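Thanks for making the time this morning.

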Amino acid sequence: MARGVLNVYIISDSTGETAQTFAKSVVTHFPNVNFNINRKFNIDSENKIDKIVEKIPEKSIIIQTIAEKKLEEYVKEKALEKNIEVIDILGPALSLFEEVTGEKALREKKLTRKLSKDYFSMIEAIEFAVKYDDGKDKRGIKEADIVLLGVSRTSKTPVTMLLATKDFKVYNLPLVPEIRLPEEVFDIDPKRIIGLTINPDKLSKIREDRSKGLGIDSKSDYFDKERINRELEYAKEVFEDLDCKVIDVTLNTIEQTATDVLEYYKKNFS
């Protein structure tokens with residue numbers, strides 16, 4: 001089918017994202033073929049399948065991800081009537097796992113939908129973290145599940161990104177004595193605010209190593225201990241004013257800090 005057109009129809013009981021990704025990975029191997037990819041999602045009845053298949057031209061390909069066994073087989077039956085090939089991504093995998101484990105798969109379409117919903121929720125949280133990273137756009141404060149406060153290099157950004165992969169929208173705000181706090185911080189529930197603090201000697205070493213990594217070898221206020229003590233004292237005052245939870249990250253990994261944040265958050269917001 002050199003320089004021809006091949007119609008590919010994705011039929012899914014969920015979003016069809018998995019099948020579409022699969023289709024795109026395949027079609028890249030056929031640069032001389034024009035592909036027309038159509039995605040049909042939330043297909044959960046024989047009636048919907050009938051309406052789709054009757055409009056599909058012969059010599060097309062269907063890629064399906066349908067969990068329910070009855071509907072999975074129905075797609076194949078209707079496609080066979082029109083000489084349409086079917087690639088079933090989910091069905092054979094479920095059958096193989098059933099055979100190996102000895103357990104019957106639930107085959108509930110709502111499970112696939114939940115996975116898709118969780119995926120998009122995670123992406124939304126990651127996009128939120130990137131958009132509002134390091135105090136960008138104070139409007140994000142009131143939209144956030146969690147607001148992290150701390151001086152520079154207290155692991156705010158990596159903790160924010162890790163929490164985003166767990167579907168939490170996190171706004172992180174750097175504390176600088178010379179920069180006034182946005183009023184929005186005082187308008188939200190203080191239980192949503194968590195301050196991050198650290199031992200001054202550890203912070204000085206982290207900042208010095210960071211500066212050297214950037215090619216800055218000369219003495220700098222950035223890792224000057226007197227300056228750091230002043231910043232940490234200011235942060236302590238802010239935390240007290242806000243009456244917020246404070247976590248010491250001196251000995252913590254990023255994962256441990258994220259766990260501590262989540263434990264506190266879930267204790268207050270089930």
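**Starting from Asn172**

If we set aside residues up to four places away in sequence, Asn172 touches Tyr132, Asp133, Asp134, Gly135, Leu148, Lys156, Thr157 and Thr160, where contact means heavy atoms within 4.5 Å. Before I go on, a word on the source: this is a predicted model, in which local features need pLDDT of at least 70 and side-chain atom pairs count only at pLDDT 80 or more, while totals for chains, interfaces and linings use all residues. Residues are numbered from 1 along each chain as its sequence is written, and side-chain values use heavy atoms, with hydrogens and water left out.

Back to Asn172, which has its place in strand S6; helices (H or I, at least four residues) and strands (E, at least two) are DSSP runs, numbered from the N terminus. Is Asn172 buried or exposed? Asn172 is buried, because its relative accessible area is 0%, and the cut-offs here are under 20% for buried, over 50% for exposed and partly exposed in between, with a 1.4 Å probe and protein chains only. One of the residues it touches is Asp133, and the side chains of Asn172 and Asp133 make a polar contact of 2.8 Å. By a polar contact I mean a pair of N or O atoms within 3.5 Å; within protein, one must be able to donate a hydrogen and the other to accept it, and residues adjacent in sequence count only if both atoms are side-chain atoms.

Let me move to Asp88, which is found in strand S4 and counts as buried because its relative accessibility is 12%. Apart from its neighbours within four places in sequence, Asp88 is in contact with Gln64, Glu72 and Lys76, and its side chain is joined to that of Lys76 by a polar contact of 3.3 Å. A polar atom of the Asp88 side chain also lies 3.5 Å from the backbone nitrogen of Leu90.

Which residues of H4 are buried? They are Gly91, Leu94 and Glu98, and, seen down the axis, the buried residues of H4 fall within an arc of 70 degrees, so they line one face of the helix, the arc being that of the directions from the helix axis to the C-beta atoms. The buried residues of H4 pack against helix H3 (69-81) and strand S4 (85-88), whereas the face turned away from the buried side carries the exposed residues Phe97, Glu99 and Val100. After H4 comes Gly102, with a positive phi near 75 degrees.

**Domains and salt bridges**

The domain assignment, which is automatic or from a database, gives domain 1 (4-99) and domain 2 (114-267), and the C-alpha centres of domain 1 and domain 2 lie 45 Å apart.

How many salt bridges are there? Taking a salt bridge as a side-chain nitrogen of Lys or Arg within 4 Å of a carboxyl oxygen of Asp or Glu, the count comes to 17. One of them joins Asp187 and Lys142, with the closest N and O atoms 3.9 Å apart. That pair links distant parts of the chain, since Asp187 is in the loop between strand S6 (170-174) and strand S7 (193-197) and Lys142 is in helix H6 (residues 140-143), 45 residues apart. Both Asp187 and Lys142 are exposed.

Another salt bridge brings together the side chains of Lys225 and Asp201, at 3.4 Å from N to O. Lys225 lies in helix H9 (residues 225-242) and Asp201 in helix H8 (residues 200-213), so this pair ties together parts 24 residues apart in sequence. Lys225 is partly exposed, with a relative accessible area of 47%, and Asp201 is likewise partly exposed, at 47% relative accessibility. Finally, salt bridges that share partners join Glu178, Arg207, Arg227 and Glu231 into one network.
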